[in-house]
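Open the model in your viewer and keep the sequence panel beside it. We will go stop by stop.

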Amino acid sequence: LVRAAARASKLERFVYLSSLAAVGPGGPDGPVDEHTEPRPVSAYGRSKLEGEREVLAYRDSLPVTILRPPAVYGPRDTDFLVMFKMIRKGFFPYWGRCYYSLLYVEDLVEGVVSAAENRKASGGTFFLCGDIVYTNEQIAEEISAATGVKAMRIRLPRALLPALGFLGQKIDKRGIINGDRVNDFRYSYWTCDAGRAKRELGFQSQITLREGIKWTADWYRIHRWL
């Protein structure tokens, strides 16, 4: 794609949608940002990082921009659907407190549009995320409230995460809980800093977790995904 785009004489922007997974997890000292050395921990993350490098190789001849969102949720999403289905059945797996940056799909779209239209984005890499870091418990509580089910916390040793990946694939093969992505769950901090996108692109997330989870649950129910 990027090779073909480089031959287009009037292309104004090539936006590559990467992922926080391309950099890998952070730690208790703070979120990752554009200065963090990438250390992806899954095949998914490594593929995203390789894609970034292919795009940046054309930076001198093409106005490229790389965006790195964290976990994205909202209508039509199949990743969070697995979590919704588990909680709807009355349980959710818990292997210790974890911390996440999140982004509702509408906020992601606004970030993509900003990156496509703002000249300052050309040649740059930006994280997009909400301002608040959420724990896995808070996320589960919001899904429970939106689905009307009080889910039981099932404690799961991290050594059994591969089994969770197998179970997730059985529930929904399209979801985020699978044999590769459970490698991400071994780490407790998946947080990033959108400060550069705010300063240079004017990006600002608008949707709260409660709003986004409710709208997502409503969409799943209306379209009989849940």
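Select strand E1 (residues 14-17) and strand E2 (residues 64-68). The two run parallel, joined by four bridges. Strands count as paired if DSSP finds at least two bridges between them. Helices (H or I, at least four residues) and strands (E, at least two) are DSSP runs, numbered from the N terminus. This is a predicted model: local features need pLDDT of at least 70, side-chain atom pairs count only at pLDDT 80 or more, and totals for chains, interfaces and linings use all residues. Residues are numbered from 1 along each chain as its sequence is written, and side-chain values use heavy atoms, without hydrogens or water.

Stay on E1. Val 15 stands opposite Thr 65 in E2. Phe 14 and Tyr 16 form the covered face of E1; Val 15 and Leu 17 form the uncovered one. In a regular strand, side chains alternate between the two faces of the sheet.

Next, select strand E5 (residues 99-100), strand E8 (134-135) and strand E10 (189-190). They form an open sheet in the order E8-E5-E10, with mixed pairing. E8 and E10 are the edge strands, each pairing on one side only. E5 and E8 pair in the antiparallel sense over two bridges. Tyr 99 stands opposite Thr 135 in E8.

Terms used: Buried means under 20% relative accessible area, exposed over 50%, partly exposed in between (1.4 Å probe, protein chains only).
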